[in-house]
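Thank you all for making time this morning.

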Amino acid sequence: MITHYTPAGHKSDMVAYNGMLFVSGIVASDLSLPVEGQAAEILAKFDTMLAEAGTSKERLLSATIWLADIDDRAKISDAWNAWVVPGKQPARVCIGAALAAPDIRIEIALVAAV
């Protein structure tokens with residue numbers, strides 16, 4: 001089992017177990033960015049995290065996206081579609097939600113095969 005703990009210690013950013021990688025909800029570091037910029041930053045973080053766990057976005061199984069404003073779905077779709085591998089898109093859900101801080105516009109969690 002691979003576990004990558006957050007500095008805050010209340011959760012793991014990712015846990016690999018039995019051929020599966022579970023990546024917790026990740027938010028952007030630069031919260032001054034618009035939702036599209038925050039999405040792009042999160043997706044770049046995922047590239048690093050997936051590689052660290054020995055997998056890639058080609059092996060994604062599912063994604064959960066929380067948006068502070070559900071109407072931002074169209075704004076993040078271009079970044080998402082450019083990032084995922086054509087023909088290997090995971091199951092995905094977008095949910096409108098109150099996020100942990102006012103400037104957080106988007107949070108994404110993933111499940112991938114390792």
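**From fold to core**

The secondary structure of this protein amounts to 2 helices and 6 strands, and, if you follow the chain along its sequence, these elements come in the pattern β-β-β-α-β-α-β-β. Please keep in mind throughout that what you see is a predicted model.

As for overall dimensions, the C-alpha atoms fill a box of roughly 35 × 35 × 20 Å along the principal axes. A compact globule of 114 residues would have a radius of gyration near 13 Å, and the protein has 13 Å, so the two agree. Among contacts between residues at least 6 apart in sequence, 68% join residues that are at least 24 apart.

Turning to the interior, buried residues make up 37% of the 114, and the largest nonpolar core has 26 residues, with Phe46, Trp83, Ile106 and Leu110 making the most contacts inside it. The elements that give two or more residues to this core include strand 2 (12-17), strand 3 (20-26), strand 4 (60-67), helix 2 (73-83) and strand 6 (106-113), while the largest share, 7 residues, comes from helix 1.

What is Trp83 in contact with, once its neighbours within four places in sequence are left aside? The list consists of Leu43, Phe46, Asp47, Leu50, Lys57, Leu60 and Leu110.

Notes:
Residues numbered from 1 in each chain as written. Predicted model: local features only at pLDDT ≥ 70, side-chain atom pairs only at ≥ 80, totals over all residues. Heavy atoms only, no water. Core = buried A, V, L, I, M, F, W, Y, C linked by side-chain atoms within 4.5 Å. Buried < 20%, exposed > 50% of the residue type's maximum accessible area, 1.4 Å probe, protein only. Helix = DSSP H or I, 4+ residues; strand = E, 2+ residues; numbered from the N terminus. Contact = heavy atoms within 4.5 Å. Rg over C-alpha atoms; globule rule 2.2 N^0.38 Å.
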